[in-house]
Amino acid sequence: MDNEPVQNSILSFGALKTLTGIIKKAKVENVPEYTGMALSALSVLSNLAEADQGVPGLLQSDSFELLFNLLKNEHDSILDESLEDEKYFNSLEFIDSITTLLETIGENDDVQRSIVTKNFLDVLLNFVDHKPKFRAQEADEDSYSFEEIRKTVSRIVTLVTMNDVNMVEITKKPELIARFKQWLTLGTDSDSGVKEDEIRMSGALSIGNLARSDETCISLVQEYGIAQSLLELAVLEKDRVLNCEGRDDKKSAIKVLHAVFGALKNLSLTNENRSPLGKIGLISVCADILELDTLKSIHHPCVGIMKNLCGDNLDNVYRALTGYEPSMKGSFSFKRGSKTPLSQLIASIWKSTGENDIVLRNEGGRVIVNMVRVCGHQREANHLLNALIDFNVVTPLVQIVTGALLTRSNDSESPEESAPPNHGQEETEHHVHFDAVPLDGQFFPIVQNEGIVALIMLLNFKPELVSRVTRYHHSLSPTIMKILASGVIDNVDAIEAESDVKFVDPASDKPQEYNDKIKVNTCMLLTALLHKDESFKTKIAPKLKIVLRALLSKVREHPADESPSRPTSSRPQRFGPVDRTSTKSAKPMLLENSKKEMNASMNFGEEITADGTPSPISLSEAIGIVLLML
């Protein structure tokens, strides 16, 4: 029955009490006349629970408690090896109906809370942890199987950890965390690894769900050592993918890896965890994953982890750059062509040439942004900044600013081959996508701003890098125009003379993609480029003058809206509860806010000085500086 008005009407007549009474008579009081009715009553109960009034009715009556008591009793019964096969499979059938019902209602917050507050989580965990003796008939596809029911119960546990209050309470109980850690190891030391995949995955998903606040993340990593367990499982599953021959086995291992790296990414969002996670070798493991095309679906969380760990952490930047443990004292030797996590990341960016690879290109660029920012803010890290430049990080940064597909598609061409052209050579000889133009849907203002700030810092540190940036003028120039014209000029692409300018109607509801603070940073980037590259100035000046004058006139019309601003920041959005999606991976809690994710100390609307420190500057001042240079 799938008719909610009818279901609610049946519930209003006290159906839950009647159905519960039948089940009690059959399973608690053992009244023979009701034995054959119990399974049917449970089936109807499951159907009614799907209605709006179903779950509240279950929780307000003793039906919910009865389900768990029956689950425990039936589980205890099948653990008895002397139990006859007929009774064993009758119990399995009844257990299957109970667990199916619990999984159906398990996404409800009140259900999740009730399972914890009434101490029913132990019932579920015990079910997973204690297996009965295998019966030969379970191998029959048409027969009920404890292993399949066990997987369902592990999924119910995962749902319970999605609740925000449960997240805090469960993490305060060492005995529960120890059981999740144990799940991560099931089957890893025997031939039963494939059978335990779902349980290992549920363990990782549950940990990922618990890792949704700074407090719980710190506790999981620094009190319980959960990251080490996840990392060990990641290495085992990676090796299994490389060595297993069966397609289904490989697919199953990849699902486990999704869950593991989703949990690790959540744990890496907390500042206090970045050092301990870096120390256990997480950056190198993530970088190694990037080399495996078989695991391309795992690349995104791996790059996200690298991005998080390199945020405001010089030791992790060192690890990513060199592949070694940090030793900031003494000389730093860097060999061109060295294989390091950074070189592996850049190679991955170079291979990500499809339109669907936008996430990896952007997140990969943001790893570099974090590395540049950390090195640029600390004078003692200048040698690391020089090493970054030797890796030719400029191209990935320009790519996230412009949204143009700049990187190579030929696997045989390494990032080092994209160095600036030698004297007398044509640019097109050195980069196959040199004249690429911005692609719609391939850029995001916050990511663009991060790339712009990183480029400013690099150019302030080493002005001779300007030519490496301006050689991408085919994509850079229209991007700059679009940013500056946002919310002001309606037809920037068609402008050839000042008379062509069409201002945006103030009364229109057309959104302004770029705020004034991003425009200030764009102007600061322009000052660095124009100062060192006359050819670029010649190409961009005619149209740029028109756009800047139009923008300045609009700024002067509303001077009250403009003022120098201090640093603004936004904490990274934490991943929300992990659910059983087709990819078995974490999904953002607030998808519409996912574009707000950025590093806490990335500054908007500020001039970046030579020593990497920001100073407030207004948009009209920034425009004036650029116009003077033109």
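A salt bridge here is a side-chain nitrogen of Lys or Arg within 4 Å of a carboxyl oxygen of Asp or Glu. Keep that cut-off handy as you click through this predicted model; by this rule the count comes to 31 salt bridges.

**Stop one: the end of H29.** Select Lys 554 and Glu 557. Their closest N and O atoms sit 3.7 Å apart, so the pair makes the 4 Å cut-off. Both belong to helix H29 (residues 534-557), and being three residues apart puts about one helical turn between them. Lys 554 is partly exposed at 21% relative accessibility, and Glu 557 is partly exposed at 49%.

**Stop two: H22.** Jump to residues 358-376 and pick out Glu 363 and Arg 366, three residues apart in this helix. Their side chains form a salt bridge, 3.0 Å from N to O. Glu 363 counts as buried at 8% relative accessibility, and Arg 366 is buried too, at 3%.

Now select Arg 150 and Glu 147 in helix H10, about one helical turn apart. They form a salt bridge with N and O 3.2 Å apart, and Arg 150 is buried at 2% relative accessibility.

**Last stop: H7 against H10.** Show residues 85-105 (H7) alongside 146-160 (H10); the axes lie 10 Å apart at an angle of about 25°. That makes the two helices roughly parallel, and H7 passes H10 in a left-handed crossing. Residues that meet here include Tyr 88, Leu 92 and Ile 95 from H7, and Phe 146, Ile 149 and Val 153 from H10. By class, this contact has nine nonpolar, two polar and three charged residues.

Note on methods
Residues are numbered from 1 along each chain as its sequence is written. This is a predicted model: local features need pLDDT of at least 70, side-chain atom pairs count only at pLDDT 80 or more; totals for chains, interfaces and linings use all residues. Side-chain values use heavy atoms; hydrogens and water are left out. Axes are lines fitted to C-alpha atoms, for helices over the stretch in contact, and angles run from 0 to 180 degrees between N-to-C directions. Helices (H or I, at least four residues) and strands (E, at least two) are DSSP runs, numbered from the N terminus. Angles under 35 degrees count as roughly parallel, over 145 as roughly antiparallel, 65 to 115 as roughly perpendicular and the rest as oblique. A crossing is left-handed if the near helix is turned anticlockwise from the far one by less than a right angle, and right-handed if clockwise. Contact means heavy atoms within 4.5 Å. Ala, Val, Leu, Ile, Met, Phe, Trp, Tyr, Cys and Pro count as nonpolar, Asp, Glu, Lys and Arg as charged, and the others, Gly among them, as polar. Buried means under 20% relative accessible area, exposed over 50%, partly exposed in between (1.4 Å probe, protein chains only).
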